[in-house]
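Dear colleague,

Please find the structure below. My notes on it follow.

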Amino acid sequence: MKSWSVSSLLNWVPADPSMNDEAVLWERLARSRRAPLEPAWLGEVYSPSLSVDLRRALCEKLGMQAERGWPVIQDLLASHGVLPDLVMAAGLCHQSEARDWLLAQLEQTSDDEDANLMVVQALACWGAEVPESVVVNCLHHPGQLHRLAGLQLLSFRSHCLDDGELLQFCQEVLNDFRDPVVVAAIRVLQRRDGVLISEKLAELCGNGSLPVAEAAFRALGCIATPSSQRCLLELSQKLNDDVRRKMASTQLSQQFRQ
């Protein structure tokens with residue numbers, strides 16, 4: 001294989017992507033702050049034959065090119081098909097045309113396909129603009145990754161909802177048997193400071209698994225309102241579990257020290 005110097009690669013556009021020296025490409029990516037990358041160059045060197053990590057790195061750079069990157073991403077999709085790293089790039093470029101393309105892809109896949117999940121994940125940053133039905137379907141999907149993706153979508157649109165509506169969206173995921181899903185839902189809720197939210201978190205402090213309770217106690221501590229403090233005080237006095245009662249007392253004392 002031909003040996004390329006970094007300086008000679010700065011303006012190099014290969015005729016055959018299979019001849020790419022991955023080490024040189026990595027070096028070029030590492031120097032991108034001092035020598036900005038052109039979307040056309042990224043599109044030219046991209047190839048499905050490259051390693052997964054390198055393809056992903058190239059697509060991240062391409063997605064960050066925004067409106068300059070999207071036409072190149074479109075060309076790559078037309079040439080190579082709907083590959084995960086290209087779908088990710090479509091999400092990162094944050095163009096309305098890319099969002100519409102992703103939504104169209106979602107309609108062409110079933111909920112059980114891997115392609116469906118990667119499209120939902122790429123749509124995360126458009127949470128407020130994604131149809132409500134997409135968010136609901138993700139939150140009701142039995143798969144953990146779909147539910148986590150749905151919570152990511154929800155986090156971007158939660159500002160459009162009141163506390164009651166937000167809790168309604170979270171109802172099923174808060175009852176999930178998998179701790180990571182419930183903890184992720186708690187992180188969405190803790191950005192709000194309403195009474196309903198504090199009371200729901202207090203319920204999880206008493207009834208959830210220990211990891212869920214820990215997250216709920218921390219959330220109440222972060223909210224730091226009279227209602228959250230009242231909930232912590234009640235929990236510190238009424239819980240039978242010594243460990244949980246101590247968690248409540250710790251969060252309560254930290255608030256009063258601030």
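Over the ring of which residue does the charged end of Arg28 sit? The ring is that of Trp41, with its centre 5.5 Å away; a charge sits over a ring if NZ of Lys or CZ of Arg is within 6 Å of the ring centre and within 35 degrees of the ring normal.

This is a predicted model, in which local features need pLDDT of at least 70 and side-chain atom pairs count only at pLDDT 80 or more, while totals for chains, interfaces and linings use all residues. Residues are numbered from 1 along each chain as its sequence is written, and side-chain values use heavy atoms, with hydrogens and water left out.

Two helix pairs deserve a description. Helices are DSSP runs (H or I, at least four residues), numbered from the N terminus. Axes are lines fitted to C-alpha atoms over the stretch in contact, and angles run from 0 to 180 degrees between N-to-C directions.

Helix α7 (residues 96-107) packs against helix α8 (residues 114-122) at about 155°, the axes being 9 Å apart. α7 is therefore roughly antiparallel to α8 (angles over 145 degrees). Leu102, Gln105 and Leu106 of α7 are in contact (heavy atoms within 4.5 Å) with Asn116, Val119, Val120 and Ala122 of α8.

Helix α14 (residues 210-223) and helix α15 (residues 226-238) pack at about 140°, with axes 8 Å apart.

With kind regards

Conventions: Parallel < 35°, antiparallel > 145°, perpendicular 65-115°, else oblique.
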